[in-house]
Amino acid sequence: MAADPKTSYQGRIHLLQKELMGRYYQELTAAARDGSPPAAYMLISGNPVELVRAFGMLPVYPEVNALQIAVKKQALPYILKAEELGYSVDNCAYVKADIGLYFSGRQAPFGTIPEPALILCNYVGCNVYLNWFEHLREYARAEVFFLDIPFVRDPMAPRPEDLAYVVAQLRELISVCERITGRPLDWEYLRHICALSAKTGQLWAQIKHLTKHVPCPLDAYFDAVTLMGPLYCLRGSEEGLRFFEEAYREVKERTELGLGPLPEERYRFVIEGPPPWPYLRVFRDLFSRWGAVAVASTYSTVGGLWEFGFAHDPDHPLESIAQHMLYWNLTNRDLLRRYQQIRRYVQEWGAHALVIHSVKSCRLFSAGQGDMREYFSRELGVPTLLVESDLEDPRYFSEAQMRNRIDAFFEALEHRRLVGAEARP
C-alpha cells in the first residue's frame with residue numbers, strides 16, 4: 001500500500017470553477033443588496049432552470065448553499081441553530097443547514113443569499129424536501145409554486161399523459177413568472193437557453209464517457225463535483241457552456257496523454273450516494289492511498305442523466321424540460337432503475353468494486369442500500385463496500401472507523417487479486 005497521498009484536482013477546470021462559482025455568489029450577494037433580479041429558489045433534481053433564466057430570474061439552490069457551507073466546515077453552527085428552532089437531530093442535514101442559514105440573516109461564508117421572489121419546488125423524490133420548501137415559504141412569505149412530477153411508471157420512457165401533465169404545469173408556471181417579473185415569456189430566448197443547455201449536457205456526457213479509459217482521466221466522484229456546481233448553477237448560460245467546452249478539452253487532453261488523478265491507478269470503483277462534504281478530502285485520500293479511482297458515480301446524476309442520451313430540445317422546450325424532470329434524473333427513478341444504472345457503470349466503465357456511502361440524515365436516498373449491497377455482491381459477484389456517515393453533519397463522521405472499513409475492504413481486494421479471483425459481472 002502506498003503512503004497517504006494528498007490528492008487534489010489542480011487543473012485549469014478547478015481554477016476556472018472557483019472563479020465562476022465566486023462570480024455566481026457575487027451575483028447572489030448583489031441581488032440580496034439591490035433586490036434585483038428576482039430570485040427563484042429551486043431544487044437540483046430535474047429543475048426547469050431554463051424557464052427561470054428565460055425570465056431573467058436568478059436561480060438559487062438551497063442544497064448547493066448548504067453543501068458549500070459544509071465544504072467550508074462551517075455547517076454545525078447552522079445545523080444547531082435549526083435544532084434550537086425545533087428541527088429534529090434526525091432531519092435532513094441540508095434542510096437544517098439551510099434553515100439555520102436563513103435565520104442567520106442569509107449570511108454564508110461565501111456570500112449573502114437573496115430573499116426569494118419565487119419558491120419553486122420541483123422535486124417529488126423526497127417528502128422532506130416538500131416540507132423544506134413549505135417551511136421556506138412560511139418564513140419568507142414569498143410566492144410558492146409546487147410542480148407535481150409523477151414517478152417513472154414506464155421503465156422505457158415517460159408516459160404521454162405524464163408528459164402532458166407536467167407541460168400543463170409548466171404553462172401555469174409561465175403565468176406565475178410573467179406576473180412576478182412583469183414581462184411576457186420570450187419563446188425565442190427560451191429556445192436559445194435550451195440550446196445552450198443541450199450543448200452543455202452533451203459535453204458533460206462526453207466527459208463522463210472519457211472516464212471509461214484506463215487510466216481514468218478524471219475521478220468521476222471527487223473531481224466530478226467540481227463540474228457539478230457549474231452544471232447546476234450555470235446551465236443554460238453562455239459562461240456555463242464555455243466552462244464545459246474548456247473542461248472537455250482538458251479531460252480529453254489528459255486522456256490522450258494517459259494521465260489520471262493518481263500516479264498509479266490500481267483499482268477502479270463505482271460509488272453510490274452523496275459525499276461527506278465536510279470531509280471530502282479525507283474521504284478521498286482513504287481511497288487514493290490504495291490507488292483507487294472512482295470511474296462513475298450515481299451522485300453525479302442527481303441533476304440529470306445526460307450520459308445515457310438526454311439532451312434538451314430547443315424546438316420543443318417545454319416538452320424537453322418536462323422529459324428531464326420526469327425521466328432523466330436519478331432521484332425520480334425507482335431502485336431497480338438505479339441498480340441497472342450501477343450495473344452499466346460496473347460493466348461499461350470496467351470497475352472492480354462498488355462503494356456505497358450511506359447517509360444517516362437522508363433515509364429516502366439511503367433506504368434499500370443494504371439490499372443493493374446484497375444484490376451486487378451475492379447476485380453479481382461485485383465486491384461491495386458499505387460505509388456510513390453524513391452528507392453535512394460532522395458529528396457523524398469518524399475517520400478512524402472509516403479508515404478501518406476501507407482498508408479492510410481493499411486488503412480483501414488485494415487478496416482476491418493475488419489468488420486470481422477478481423471477477424466482474
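This is a predicted model: local features need pLDDT of at least 70, side-chain atom pairs count only at pLDDT 80 or more; totals for chains, interfaces and linings use all residues.
Residues are numbered from 1 along each chain as its sequence is written, and side-chain values use heavy atoms, with hydrogens and water left out.

Me: Let's start with Leu170. Is Leu170 buried or exposed?
Reply: Leu170 sits in helix α7, residues 160–181. Helices here are DSSP runs of H or I with at least four residues, strands are runs of E with at least two, and both are numbered from the N terminus. Buried means under 20% relative accessible area, exposed means over 50%, and partly exposed is in between (1.4 Å probe, protein chains only). With a relative accessible area of 0%, Leu170 is buried.

Me: How far is the C-alpha atom of Leu170 from that of Ala322?
Reply: Leaving aside neighbours within four places in sequence, Leu170 is in contact (heavy atoms within 4.5 Å) with residues including Leu51, Ile321 and Ala322. Leu170 and Ala322 are 152 residues apart along the chain, yet their C-alpha atoms are separated by 8.0 Å.

Me: Now Asp390. Which side chain of opposite charge is nearest to Asp390?
Reply: Asp390 is in the loop between β10 (384–389) and α16 (399–419). Lys and Arg count as positive, Asp and Glu as negative, and His and the chain ends are not counted. A salt bridge needs a side-chain nitrogen of Lys or Arg within 4 Å of a carboxyl oxygen of Asp or Glu. Asp390 is buried and has no salt bridge, and the nearest side chain of opposite charge, 6.7 Å away, is Lys360.

Me: With which side chain does Asp390 make a polar contact?
Reply: A polar contact is a pair of N or O atoms within 3.5 Å; within protein, one must be able to donate a hydrogen and the other to accept it, and residues adjacent in sequence count only if both atoms are side-chain atoms. A polar atom of the Asp390 side chain lies 3.0 Å from the backbone nitrogen of Glu392. The side-chain partner, at 2.8 Å, is Ser361.

Me: How many disulfides does the structure hold?
Reply: A disulfide is a covalent bond between the sulfur atoms of two cysteines. To count here, the sulfur atoms must be within 2.5 Å. For Cys177, the closest cysteine sulfur is in Cys194, and at 14 Å that is too far for a bond. The number of disulfides is 0.

Me: How many residues of α5 are buried?
Reply: The buried residues of α5 pack against α3, α4, β3 and α6 (127–140). Among them are Ala93, Lys96 and Tyr102. α5 is mostly covered, and the count of buried residues is 10 of 10.
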